[in-house]
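The entries follow in the order I made them.

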Amino acid sequence: MITTDTFFHSVTLDADLCKGCINCIKRCPTQAIRVRNGKASIIKEFCIDCGECIRVCPHHAKKATYDSPDIIEKFEYTVALPAPSFYGQFNNLDDINIILRALKLMGFDDVYEVSGAAEMVSEMSRSYIEQHKDKKPFISSACPSVVRLIRVRFPNLIEHLIPFNAPIDLAASQARKKAMLETGLPSEKIGIIFISPCPAKVTSVYSPIGNDKSEIDGVVAIKDIYTKILPFMKQTQDDTEELSISGKIGISWGGSGGEAGGLLIDNYLAADGIENVIKVLEDLEDQRFSDLDFIELNACSGGCVGGVLQVENPYVAKAKLKRLRKYLPVARTHLRGQVVEKAFWDNEIEYQPVFKLGSNMIESMEMMAKVDDICSRLPGLDCGSCGAPTCKALAEDVVRGVAQEKDCIHLLREYIHKLSDDLNKI
Ligand code: SF4
Ligand code: SF4
């Protein structure tokens, strides 16, 4: 099982593989990467675990940390929570039960579909939006990278986040309740294991936001489970055990636009890919979308199907989900008036001012003046050769005391030319 610290991140660097090529520094949406002394490093406070650096590193030096499938051996009874996007990985799949039965043959004692819990969240969101129209537009809180991004970069938008736990958390608490009831086992002997499409969801389990502790006991990667269950899928073809609890709405959460579609409203926007997400949040801050009811944002292109722990191309996976849901009912998990435990976050999401320079207003203004002064001497090329993503980021690092102006190769060249001229004169 993964051990955690205050700033646990699933995304980490393998320094031995890093060649210092600076490909990753420009693509990080929170400017969390620096390359110094020929090696990259991640500023933990800035990172939102979007996985972008894993996608772009040509040397596979960035990686996601998650649990091994062997984690199921640690518990007396285990329940698998497959993400909806998991179903988009398989060719010619026409019945979700085949996957769910294969998970049981592989070693899990039971399964609880995250897509079933997603249908509950859709139902709760529909009435929440209706009852709180004064707070619209609401922003989905299902993508942990987006929630982290808003927490560090867009504090004014925190109040727009739908305050519900994500479907994986709801699925975990429902699965645990069911397992305890059916087996009579105490909670600690039951392992609730999430099958994840992305590192952000691993981080959301081991370092939760909005909750003191996650109900999930382990997180395994879709790509690891995919290869393990393939041999069992053939064996389940003639089996008739009905395990699936989801319909069209739940399955659709696996791709971009699925969550918004489940609200049964027209007045929504769905954006995917971290750069598009940032653009939408900036426009939202400028109050350009005040007439929208709901905004769905997914850090990965295509939605969860685009997570870096998947095996299939995101757009192919999305097409497979579309085919799979064709003959399903609209929804199969309904609240029917029940009050869902753990529906809301335990704690309010708070602004994390990680990018602030000083500890108070006067100190911040003084430091910002120094940043401006340093920027006036830097070439403004944002070339990345210094190991920081922009000239301003280097200036901020200098003011924070973690870099030097001469890390800029252009300034260094000027300095060397001047030195050589001076020596020549002497
Ligand atoms: S992309 Fe980043 S992590 Fe990968 S080798 Fe280049 S500098 Fe290192
Ligand atoms: S996971 Fe995303 S936020 Fe974190 S270092 Fe990589 S690109 Fe930056």
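**Entry 1: a pair in helix 13**

I found Arg400 and Asp397 both in helix 13, three residues apart, which is about one turn of the helix. Helices here are DSSP runs of H or I with at least four residues, numbered from the N terminus. This is a predicted model, where local features need pLDDT of at least 70, side-chain atom pairs count only at pLDDT 80 or more, and totals for chains, interfaces and linings use all residues. Residues are numbered from 1 along each chain as its sequence is written, and side-chain values use heavy atoms, with hydrogens and water left out.

I looked up the contact next: the side chains of Arg400 and Asp397 form a salt bridge at 4.0 Å, N to O. The rule asks for a side-chain nitrogen of Lys or Arg within 4 Å of a carboxyl oxygen of Asp or Glu.

Is Asp397 buried or exposed? I noted Asp397 as buried, at 3% relative accessibility, and Arg400 as partly exposed, at 28%. Buried means under 20% relative accessible area, exposed over 50%, and partly exposed in between (1.4 Å probe, protein chains only).

**Entry 2: other salt bridges**

I read a count of 22 salt bridges by this rule. Lys279 pairs with Asp283, their closest N and O atoms being 3.4 Å apart. Both lie in helix 10 (residues 274-285), four residues apart. Asp283 is buried at 13%, whereas Lys279 is partly exposed at 46%. I also listed a network of salt bridges that links Arg27, Glu52, Arg55 and Glu275.

Key. Chains are lettered from A and ligands numbered from 1 in the order in which they are written. Helices (H or I, at least four residues) and strands (E, at least two) are DSSP runs, numbered from the N terminus.
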